[in-house]
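Here is a short briefing to read alongside the coordinates. Have the viewer open, and let's walk through how the chains meet.

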Amino acid sequence: MSQATFLLFLEQCLNGLQFGIMLFLITAGLTLVVGIMNFVNLAQGSLFMLGAFVAAWFASATGNYYLAVAVAVAATAIIGALVEVLALSRFYRRPHLDQVLATFGFILIFNEVVRVLWGSQGLTVVLPPELNLSIELLPGLTYPLFRFVFIVFGLAVAAFLYVLIARTRVGMLIRAGASDREMVRGLGVNIGLLFTFVFGLGAALAGLAGSLSAPIMSASVGMGEPVLILGFVVIVIGGIGSIRGAFWAALLVGFIDTLGRSYATSLISLIFGSTAASSVGPSLSGMMIYILMATVLAVCPEGLFRARAS
Amino acid sequence: MNRVENRLAGIVLVLTLAVIPAIAFAFDAIFALTFATRILILAAAAVSLNLILGYGGLLSLCHSTFLGLGAYVVGIGGYHAYNDEIAWMADGFVQLCAILVLSAGAAAIIGVISLRTRGMYFLMITLAFGQILYLAAIGAYQYGGDEGMTIFQPSTFAGFALQGRFVMYAAAAIFFCVSVLVVERLTRSRFGLVLQASRMNEARVCALGYDPMRVRLVAFIISGVMAGMAGFLLANNAEFVSPIDLHWTRSADLVIMVVLGGLGIGLGPLFGTALLLIVEELASGMSPHWPIIVGVMVLLVALFMPRGLAGLVSSEKRHD
Amino acid sequence: MTEPLLFVECLQKSFGGLSATDGVSLQVSHDSIHAIIGPNGAGKTTLLSQLFGQLRPDAGRIVFNGTDVTHASTSARVRLGMARSFQITSLCLNLSVLENVLLASQLRRGGWTGFWRRATASRDAVEHSETVLAQIGLLERRRDVVEQLSHGEQRQLEVAVALALDPLLLLLDEPLAGLGPDEATKMIALLKNLKGSVSMLLIEHDIEAVFSLADRITVLDFGRVIASGPADEIRGHPDVRKAYLGHEEEEHA
């Protein structure tokens with residue numbers, strides 16, 4: 001392999017890592033909500049989208065991207081908490097079917113509200129100049145600084161989450177709530193408040209992912225749903241309710257999806273020739289991750305990781 | 001519902017369906033006929049979903065995969081018949097056979113993998129599976145890619161082309177009635193008894209020596225094939241096919257149609273589909289931001305009417 | 001017939017550090033009623049679940065009607081002639097009484113691979129279901145939805161469904177659970193009636209009922225067999241009185 005090809009491969013690996021970290025931010029909260037509250041939240045993708053739009057709008061209005069991220073995170077946390085308190089908390093004891101309906105209704109509403117507020121064309125974010133450059137990670141390997149910051153920041157958030165869940169009282173309550181709701185209530189804890197906190201936390205993380213992704217993929221209506229479905233793949237592989245599982249599964253899915261998109265066409269071209277590659281390649285690359293999920297499940301129906309409330 | 005009520009409902013249904021074209025013609029409202037055709041086709045797809053969702057208790061979010069598969073068989077066949085003069089690819093019998101094989105195969109694969117999982121995993125996995133064909137269609141540039149393609153050569157049955165408003169309406173009406181009849185026979189059969197019992201009390205069914213997974217797999221395959229056939233009509237009726245037919249939101253729409261009408265009610269999907277499509281039609285007339293109206297309605301239904309229209313009528317509680 | 005219908009040898013099952021079943025051995029002969037008694041937490045239901053294949057033992061052997069079923073699936077055991085009722089009524093509440101029994105009857109009469117004809121039109125299965133219902137005394141209620149039945153009638157139906165599998169051995173988990181005195185009397189009479197046609201292994205707390213029904217009794221405590229033998233023998237067994245009946249006697253003293 002030539003050095004150029006290898007460096008390109010490294011770059012794609014970094015992109016895969018970055019995508020994986022974004023997926024983790026979205027699914028960390030989602031897996032908790034699914035595991036602890038037994039609630040299928042299809043609207044998590046909408047919160048991701050809201051984060052992107054609020055950040056993009058605020059950044060272009062004030063020119064301060066950093067503040068935009070903070071505002072976006074706060075906004076999605078608040079919106080998430082409100083939606084939970086006012087509507088979604090009524091569905092915790094309902095069948096999953098009702099939850100799917102309710103959150104699907106919210107997807108329709110959110111997508112259209114975004115269209116009303118910001119139009120159908122979407123918004124882009126222009127990064128502040130200090131972030132909008134490339135750095136040289138290795139001789140010959142330049143990488144966009146922003147993506148690198150994304151990765152580092154994301155890992156920091158992951159570490160923070162780990163500390164929160166594993167080391168704090170709130171985290172203990174969350175873990176306990178996953179296995180025994182009654183016991184937690186018996187401890188005198190307001191379950192409703194705990195659930196709202198978990199939901200809000202998940203929303204904030206999704207908003208963070210959205211606001212950090214806006215410069216990379218730009219904010220567009222309906223951007224949340226494809227990501228949500230990938231998020232479900234992450235949860236299936238990582239195990240419901242497991243943040244640790246979500247972390248590794250997200251990285252795995254991020255890598256495979258990114259590398260799949262980059263190399264599927266070449267791989268097919270190698271085996272089946274270039275005409276096959278150009279006709280089938282582009283669509284197959286996006287499907288790689290789902291085909292992989294299907295294969296994994298066919299072999300081990302329990303998923304790759306044991307689900308633990310951690 | 002006992003047998004007498006069933007027969008009566010069936011007769012009323014057939015009479016109503018027979019009368020609609022006459023009414024549409026009399027009031028010079030042909031668009032109503034086209035609209036009714038679309039309702040009937042989607043209602044038939046919803047009937048097939050009701051088999052696994054309402055009776056079987058399987059929350060599948062990949063039903064559009066089978067619907068869209070059927071539609072694309074018609075589309076691809078028509079494309080090659082029209083562009084490459086391969087006439088047999090637009091032959092209705094050939095297409096239906098292809099749909100039978102392909103949708104049964106797809107349902108078998110998806111079913112074998114996903115039915116081994118429980119609860120929430122099942123719905124997440126079907127949602128993910130639904131992406132596969134959707135992405136394939138988007139990437140199929142030859143067949144229109146993400147814009148879809150017009151079908152210039154409809155399916156033909158021994159020289160007779162499946163087109164024209166009255167023909168399509170008749171086909172849709174007949175297919176719908178057959179679908180309802182098939183599902184009704186299935187759910188009252190020994191197979192249907194075990195399927196429904198598996199939904200109500202899986203532990204009991206296992207303790208009786210059955211394997212619920214096998215029964216569900218068969219139901220899943222039958223339901224997929226029926227949806228594929230509905231897709232056949234869908235494409236011929238619209239003379240157009242696009243990846244939207246394969247999108248997961250179409251699967252969600254079908255779920256809503258089933259829920260609106262009432263889970264596990266034979267004719268429920270007809271009312272559910274009609275209600276949803278009529279609301280969408282009215283809402284889009286009222287405002288360009290009509291998805292908000294539909295979204296709010298869906299949310300309200302989930303909150304207050306989870307058993308659908310049937311739930312408003314009967315007070316029987318479902319113990320699932 | 002000298003071969004026991006059910007032969008259990010040194011069954012072992014632990015959950016974490018806790019031994020739920022600790023070297024349990026017992027035998028059930030043909031055409032007899034064998035009762036398992038013991039205080040709460042003794043591991044009775046765990047034992048039943050292992051016998052039926054819902055739990056796999058860590059060690060030991062289960063031989064049913066000459067066949068080693070230790071690692072067999074539940075459906076295999078059902079086909080060989082085992083049937084089980086549950087402590088917490090496990091019926092399909094939205095189906096009718098007949099349909100619940102039909103689910104069991106049709107297993108050996110066509111199975112589930114009938115797609116067109118109505119389940120209620122399978123004459124064989126329906127007749128068999130009605131026979132069983134008549135035996136249990138629920139024939140008049142056959143068209144009623146199970147939800148509408150009283151608790152006692154549901155417990156009876158629970159037994160009927162297991163019986164409709166044409167079993168050689170009925171595993172009954174607390175058939176008298178939650179029954180009032182009249183209903184309990186009915187159930188005991190029902191079980192006595194069944195004695196000639198099917199063997200039974202039953203878990204029960206109602207000691208009087210157990211002594212009037214059972215031929216043999218096994219007493220469990222902490223997952224271990226502390227006594228096993230004919231009913232009369234157990235009645236007077238000192239360890240049993242101490243561990244299980246003892247404190248009741250003190251109360252009446």
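Chain A and chain C make no contact with each other, and their nearest C-alpha atoms lie 17 Å apart. Please keep in mind that this is a predicted model, with an ipTM of 0.92 and a pTM of 0.92. Two pairs of chains are in contact, and chains A and B share the most contacts.

**Where chain B meets chain A**

- On this interface, 41 residues of chain B are in contact with 46 residues of chain A.
- About 3,800 Å² is buried between chain B and chain A, and carbon and sulfur atoms give 83% of that area.
- Three helices of chain B each give two or more residues to the side that touches chain A: H5 (119-139), H10 (248-261) and H12 (290-304).
- H5(B) provides the largest share of that side, with 13 residues.
- Sorted by class, the side of chain B that touches chain A holds 32 nonpolar, six polar and three charged residues.
- How many salt bridges are there between chain B and chain A? The count is zero.
- Polar contacts do occur between chain B and chain A, in six residue pairs with both partners at pLDDT 80 or more.

**Where chain B meets chain C**

- Here 28 residues of chain B are in contact with 35 residues of chain C.
- The area buried between chain B and chain C is about 3,100 Å², and carbon and sulfur atoms contribute 61% of it.
- Which residues of chain B lose the most area to chain C? They are B:Arg190, B:Leu193 and B:Arg204, which together account for 25% of what the chain B side buries.
- Two salt bridges are found across the interface of chain B and chain C.
- In a salt bridge between C:Glu158 and B:Arg204, the side chains meet at 2.7 Å, N to O.
- Helices H6 (165-188), H7 (190-200), H8 (202-207) and H9 (212-238) of chain B each supply at least two residues to the side that touches chain C.
- H7(B) gives the largest share of that side, six residues.
- The side of chain B that touches chain C divides into 14 nonpolar, four polar and ten charged residues.

**A sheet in chain C**

- Four strands of chain C form an open sheet in the order E2-E1-E4-E5, with antiparallel pairing.
- Strands E2 (18-28) and E5 (67-68) of chain C stand at the edges with a single partner strand each, so one side of each has no neighbour in the sheet.
- Strand E4 (residues 59-64) of chain C pairs with E5(C) in the antiparallel sense, over two bridges.
- Within E5(C), C:Thr67 is the bridge partner of C:Phe64.

**Confidence in chain C**

- Chain C has a mean pLDDT of 88, and 94% of its residues reach 70 or more.
- Which element of chain C has the lowest mean pLDDT, and which the highest? Helix H9 (residues 238-252) of chain C is the lowest at 58, while helix H3 (residues 97-105) of chain C is the highest at 95.

How values were computed
Residues numbered from 1 in each chain as written. Chains lettered and ligands numbered in written order. Heavy atoms only, no water. Contact = heavy atoms within 4.5 Å. Buried area = accessible area lost by both parts, 1.4 Å probe. Salt bridge = Lys/Arg side-chain N within 4 Å of Asp/Glu carboxyl O. Polar contact = N/O pair within 3.5 Å; in protein donor to acceptor, adjacent residues only side chain to side chain. Nonpolar A, V, L, I, M, F, W, Y, C, P; charged D, E, K, R; others polar. pLDDT = per-residue confidence, 0-100. Pairing = 2+ DSSP bridges.
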